[in-house]
Amino acid sequence: MPRDGQILIADDDATFREATAELLRCEGYTVESAPDAAAAMAAVRKGGYDLLISDLEMPGNAGLQLVRDVAAEAGGLPVIILTGLPTIESAVASIDLPVSAYLLKPVDLPTLFEKAATAISRFHTYRTMRDTEQRMEQWRRELGQITTTAQTPGQGTPSVDAFLALTLRNVMGSLSDLGVLGQALTGRQAGANPCQLMNCPRGAQLQAAVRETVAVLEATRASFKSKQLGDLRQQLELVLQHV
């Protein structure tokens, strides 16, 4: 079954690194590899990964330095540590870092697959919630700008178009966020099945609100002759047709 996730494996043992990468590819993941901590960190900085699987004993990772750098720069990217030389010090140090699992070599593959799937799912959920928070903050800033314009003499009155377009754009964004969050929470790959969130009780309330918004836009189309609002109404109608 194809899986949604991009994994980076960092290990100085080329045979182990490439063999593990290929096994994860067989599970459906997109996998890249790095031979040491410096190469791994350079790849992480480019972004796009959902999980780092890292050897403990490799160049540049003394004292879990790679994991510490990831924690400081990569926005919550989860890490699975693999080691053939476990120590109490490294196990304790990993507790305060974004380490999802601390596994021993030779690796039990079913355990690795399970831990990888769990870590990626949680990271998708975290990232969706973070993106939603950022979206809402941007919405608040834009609404503040509209309010400031309305209260500033000589600036004119902000159009209803601007307010409605801003609001509906964020409704569409919120619907998208709900879909992604639902897929992450249920462990489904994005796009694997039609989104059923609108069929839950809270989703029914949202569906009713969307229908009411479409009705208002239809009723006022003669008053506000805006192509942008017309396009948004059509997008909302498409959403309702597919729930």
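**Exercise 1. Describe the secondary structure and overall burial of the chain.**

Step 1. The chain holds eight helices and five strands, where helices (H or I, at least four residues) and strands (E, at least two) are DSSP runs numbered from the N terminus. The model is predicted: local features need pLDDT of at least 70, side-chain atom pairs count only at pLDDT 80 or more, and totals for chains, interfaces and linings use all residues. Residues are numbered from 1 along each chain as its sequence is written, and side-chain values use heavy atoms, with hydrogens and water left out.

Step 2. Along the sequence the order is β-α-β-α-β-α-β-α-β-α-α-α-α.

Step 3. The chain has 243 residues, and 35% of them count as buried. Buried means under 20% relative accessible area, exposed over 50%, and partly exposed in between (1.4 Å probe, protein chains only).

Step 4. For contacts (heavy atoms within 4.5 Å) between residues at least 6 apart in sequence, 64% join residues at least 24 apart.

**Exercise 2. Work out which residues of helix α1 are buried and how they are arranged around the axis.**

Step 1. Helix α1 covers residues 14-26, and its 13 residues reach 18 Å from first C-alpha to last, close to the 18 Å expected at 1.5 Å a residue. The expected span is 1.5 Å times one less than the number of residues.

Step 2. The buried residues of α1 are F16, R17, T20, A21 and L24. They lie on the same side of α1 because they cover an arc of only 125° around the axis, taken from the directions from the helix axis to the C-beta atoms.

Step 3. An α-helix has 3.6 residues a turn, so residues three or four places apart point the same way.

Step 4. T15 and C26, on the other side of α1, are exposed.

Step 5. At the start of α1, a side-chain oxygen of D13 comes within 3.2 Å of the backbone nitrogen of T15. After α1 comes G28, with a positive phi near 105°.

**Exercise 3. Characterise the surroundings of D50.**

Step 1. D50 sits in the loop between α2 (37-46) and β3 (51-55). Its relative accessible area is 4%, so D50 is buried.

Step 2. The D50 side chain makes a polar contact with the side chain of H124 at 3.2 Å. Such a contact is a pair of N or O atoms within 3.5 Å; within protein, one must be able to donate a hydrogen and the other to accept it, and residues adjacent in sequence count only if both atoms are side-chain atoms.

Step 3. Not counting residues up to four places away in sequence, D50 touches G5, Q6, L77, P78, I120, F123, H124 and R127.

**Exercise 4. Identify the residues and elements that build the largest nonpolar core.**

Step 1. A nonpolar core is a set of buried Ala, Val, Leu, Ile, Met, Phe, Trp, Tyr and Cys residues joined through side-chain atoms within 4.5 Å.

Step 2. The largest core has 23 residues, of which L8, L52, L66, V70 and L77 touch the most other members. Two or more residues come from each of β1 (6-10), α2, α3 (65-73) and β4 (79-83). The biggest contribution, five residues, is that of α2.

**Exercise 5. Locate the backbone features at P106 and L64.**

Step 1. The peptide bond joining K105 and P106 is cis, with omega about -5°. P106 belongs to the loop between β5 (99-104) and α5 (109-151).

Step 2. L64 is not a glycine, yet its phi is positive, about 60°. L64 is in the loop between β3 and α3, and counts as buried at 3% relative accessibility.
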